[in-house]
Amino acid sequence: MLRTNPHYARMGKSYLFAEIAHRVEAFRKAHPGTGVISMGIGDVTQPLVPSVIRALHAAVDDMGSPDAFHGYGPEQGYAFLREAVALEYAARGVSISPDDIFISDGAKCDLGNFQELFAPDVSIAVTDPVYPVYVDSNCMAGRGGTWTEHGWSGIRYLPCTAENGFAPVPPEKAPDVIYLCSPNNPTGTALDRASLGEWVRYARSSGMLIMFDSAYECFIDDTEGDIPHSIYEIPGADEVAVEFRSFSKSAGFTGLRCAYAVVPANLKAGGKGRLHDMWARRQTTKYNGCPYIVQKAAEAACSPEGRGETAAVVNIYRNNAALMRGTLNALGLTVYGGIHAPYLWVRTPRGMDSWDFFQFLLDRAAVVGTPGSGFGPSGEGYARLTAFSSPADTREAMTRLTDALKQA
Ligand code: PLP
């Protein structure tokens, strides 16, 4: 019989979203006709912007024309898009070579795949709570050890709590690799220039690699604090950090699929340029590139017109987040995030644990959140609410929540 990867067997099913779906289904059955509002998953709701739609139509026409048809593209992405992305970095004073940009169909797959380049026994650290992809992809590769009530024995968790402002600090002993996500999913908080600078200094002195996930950088509010949009705004970061970005949240591409990883040739971890070359080798072997049509759409999102239009959409979500923060604060709840991110990290009230509060929101307000405990041990006692609903649903959810909490 075929022997399968034993590390998968240790992982079990993805419990969190299956359990949420199960509970929501039970609620719908018991309350037919009640409209459930989802503030649980991080998917966008607003349609693509006009300049992106125009680019898609034009690219479709290209594909039907003998002169402009495109077959297999370059695995690393078309130069037109890599150059457009490099210009976006340049607009923030960051010099990135288009050769260091690798276009893909998602930051999730890039983040999950990149660990293939590490030796099986490297030490991995994550912040806690955490976007599960970092942990699970390393567990699938055998770096998880065993599951305990405090998480995986083989993964180092750096607690992010209200006490440390949800900003992890470098541990005494450096891991080989740390995953940092800023603005953060799920806590909605963002690392400021000083703390990101500390991480870069620490990585430079210890040889640690930083896997920097900035999928939500478009939500950074430049009028509130000094929050870098890219880790490469910190001098010397190109020698220690890989950055992952996506058009999913910045331009509503969750269904279209386009993202990129910046893997600088200057990176020192593993030997100068080695990770850059290995990622190129990996992608050219296992990936045949993001579709031409989608890359043309992404290029349009990077144009001045596209940037203006997508910023207006991001503002819709930002306004939702502001309304949610205001409402929840007025109800006396303790709320973090929601300023530089579409996520609000809400302290569960009245001693409820994460699942109790999830059930309370569902039963009393027909609103679906995500229990904080699903993101790691330090998430217990919190709920994550997302600001990606339509403005009308967001207003309705806040009205229901206000009634529910006042009546309880
Ligand atoms: N990184 C974080 C922190 C995310 O929350 C998500 C998606 O929700 C992603 C990456 C994945 O983005 P993509 O849609 O590009 O795969």
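1. Helix 5 gives the largest share of the shell around the ligand, three residues. The model discussed here is a predicted one.

2. Two elements give two or more residues each to this shell: helix 5 (107-114) and helix 8 (247-250). The ligand takes up the space of the largest pocket.

3. What classes of residue make up the shell around the ligand? Seven are nonpolar, four are polar and four are charged. Of the 15 residues around the ligand, the ones that come nearest are Ala 107, Asp 213, Tyr 216, Ser 246 and Ser 248.

4. In the side chain of Asp 213, an N or O atom is 2.6 Å from a nitrogen atom of the ligand. A polar side-chain atom of Lys 249 lies 2.9 Å from an oxygen atom of the ligand. For Lys 108 a backbone N or O atom is involved, and it lies 2.9 Å from an oxygen atom of the ligand.

5. How much of the ligand does the protein bury? The ligand taken alone exposes 390 Å², and the protein buries 91% of that.

6. A separate point concerns Arg 92, which is found in the loop between helix 4 (79-91) and strand 2 (101-104). Arg 92 counts as partly exposed because its relative accessible area is 41%, and that class runs between 20% and 50%.

7. Arg 92 and Pro 228 are 136 residues apart in sequence. In space, their C-alpha atoms are 9.4 Å apart.

How values were computed:
Residues are numbered from 1 along each chain as its sequence is written. This is a predicted model: local features need pLDDT of at least 70, side-chain atom pairs count only at pLDDT 80 or more; totals for chains, interfaces and linings use all residues. Side-chain values use heavy atoms; hydrogens and water are left out. A residue is near a molecule or strand if one of its heavy atoms lies within 4 Å of it. A polar contact is a pair of N or O atoms within 3.5 Å; within protein, one must be able to donate a hydrogen and the other to accept it, and residues adjacent in sequence count only if both atoms are side-chain atoms. Accessible areas come from the Shrake-Rupley method with a 1.4 Å probe; for residues, only the protein chains shown count as cover. On a 1 Å grid over the protein atoms alone, a cavity is a set of points where a 1.4 Å probe fits but cannot get out, and a pocket is an open set with protein on both sides within 12 Å along at least five of seven lines; lining residues have an atom within 4 Å of a point. A molecule sits in a cavity or pocket if more than half of its atoms lie within 2 Å of its grid points. Helices (H or I, at least four residues) and strands (E, at least two) are DSSP runs, numbered from the N terminus. Ala, Val, Leu, Ile, Met, Phe, Trp, Tyr, Cys and Pro count as nonpolar, Asp, Glu, Lys and Arg as charged, and the others, Gly among them, as polar. Buried means under 20% relative accessible area, exposed over 50%, partly exposed in between (1.4 Å probe, protein chains only).
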